[in-house]
Amino acid sequence: MNENQANFIQNMKFYRRQAGLTQAQLAELCNVSNGTIGNIECGMTKPSFDLIFAIAKAVSVPASDLLRETVRETKLSVSQVEIVNETIHSAVDAAVTKALKDLKFRIEH
């Protein structure tokens, strides 16, 4: 396996996972067998140009993203950051509320 193929495989796996797809789901979207996707990801088979474009479409990235040297660091969208912040704040609020209840219980007893 050459470096270009290794980069493609790494990028393909990254974007497939980022899209939340299994190999079987990606295969279905690309109208190929699950084995074909598995063989590509293992480096046993090289994809055709048509399949590269089908994979790119299925994972919602330009084909050039699959072919570049490395996957760029992904950044969270504003809505994703808001969700993370809300989750953190909820967890902190719950922990503080529990701690205050435990403290009040200890003081009263």
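Buried here means under 20% relative accessible area. The model shown in these close-ups is predicted.

**View 1. Helix α1 and its ends.**
Helix α1 covers residues 3–18. The helix has 16 residues and reaches 22 Å from its first C-alpha to its last. That is close to the 22 Å expected at 1.5 Å a residue. N2 caps the N-terminal end of α1. A side-chain oxygen of N2 lies 2.7 Å from the backbone nitrogen of Q5. Beyond the helix comes G20, with a positive phi near 75°.

**View 2. The buried residues of α1.**
Q5, N7, F8, I9, N11, M12, Y15 and R16 are buried in α1. The buried residues pack against four helices: α2 (23–29), α3 (34–41), α4 (49–58) and α5. Helix α5 spans residues 63–67.

**View 3. The salt bridge between R16 and E41.**
Three salt bridges occur in the structure. One of them joins the side chains of R16 and E41, at 2.7 Å from N to O. R16 lies in helix α1 and E41 in helix α3, so the pair ties together parts that are 25 residues apart in sequence. E41 has 5% relative accessibility and therefore counts as buried. R16, at 8% relative accessibility, is buried too.

**View 4. The surroundings of R16.**
R16 sits in helix α1. Neighbours within four places in sequence are left aside here. Beyond them, R16 is in contact with L21, T22, Q23, L26, E41 and V59. Among these contacts, E41 is the salt-bridge partner of R16. The relative accessibility of R16 is 8%, so the residue counts as buried.

**View 5. D65 and R68.**
D65 belongs to helix α5 (residues 63–67). The side chains of D65 and R68 meet in a salt bridge of 2.8 Å, N to O. The pair also counts as a polar contact, at 2.8 Å. Both residues are buried. For D65 the relative accessible area is 17%. Residues up to four places away in sequence are not counted in the next list. With that exclusion, D65 touches N11 and Y15.

**View 6. K98 and D102 on helix α6.**
Helix α6 runs over residues 78–108. K98 and D102 both lie in this helix. They are four residues apart, about one turn of the helix. Their side chains meet in a salt bridge of 3.1 Å, N to O. K98 has 52% relative accessibility and so counts as exposed. D102, at 34%, counts as partly exposed.

**View 7. A nonpolar patch on the surface.**
The patch is formed by V84, I88, V92, V96, L100, L103 and I107. Together these residues have about 640 Å² of accessible area. V96 is partly exposed, with a relative accessible area of 42%.

**View 8. N85 and N4.**
N85 is placed in helix α6. N85 is partly exposed, and its relative accessible area is 37%. N4 lies 81 residues away from N85 along the chain. The C-alpha atoms of N85 and N4 are separated by 38 Å.

**View 9. Positive phi in two loops.**
Most residues other than glycine have a negative phi. N31 has a positive phi of about 60° although it is not a glycine. The loop between α2 and α3 holds N31. N31 is exposed, at 71% relative accessibility. S60 also has a positive phi of about 60°, and S60 is not a glycine either. The loop that holds S60 lies between α4 and α5. S60 is exposed, with a relative accessible area of 65%.

Note on methods: Residues are numbered from 1 along each chain as its sequence is written. This is a predicted model: local features need pLDDT of at least 70, side-chain atom pairs count only at pLDDT 80 or more; totals for chains, interfaces and linings use all residues. Side-chain values use heavy atoms; hydrogens and water are left out. Buried means under 20% relative accessible area, exposed over 50%, partly exposed in between (1.4 Å probe, protein chains only). Contact means heavy atoms within 4.5 Å. Patches are made of residues with over 30% relative accessible area and no salt bridge: like charges are joined within 9 Å, nonpolar side chains (Val, Leu, Ile, Met, Phe, Trp, Tyr) within 5 Å. Accessible areas come from the Shrake-Rupley method with a 1.4 Å probe; for residues, only the protein chains shown count as cover. A salt bridge is a side-chain nitrogen of Lys or Arg within 4 Å of a carboxyl oxygen of Asp or Glu. A polar contact is a pair of N or O atoms within 3.5 Å; within protein, one must be able to donate a hydrogen and the other to accept it, and residues adjacent in sequence count only if both atoms are side-chain atoms. The expected span of a helix is 1.5 Å times one less than its number of residues.
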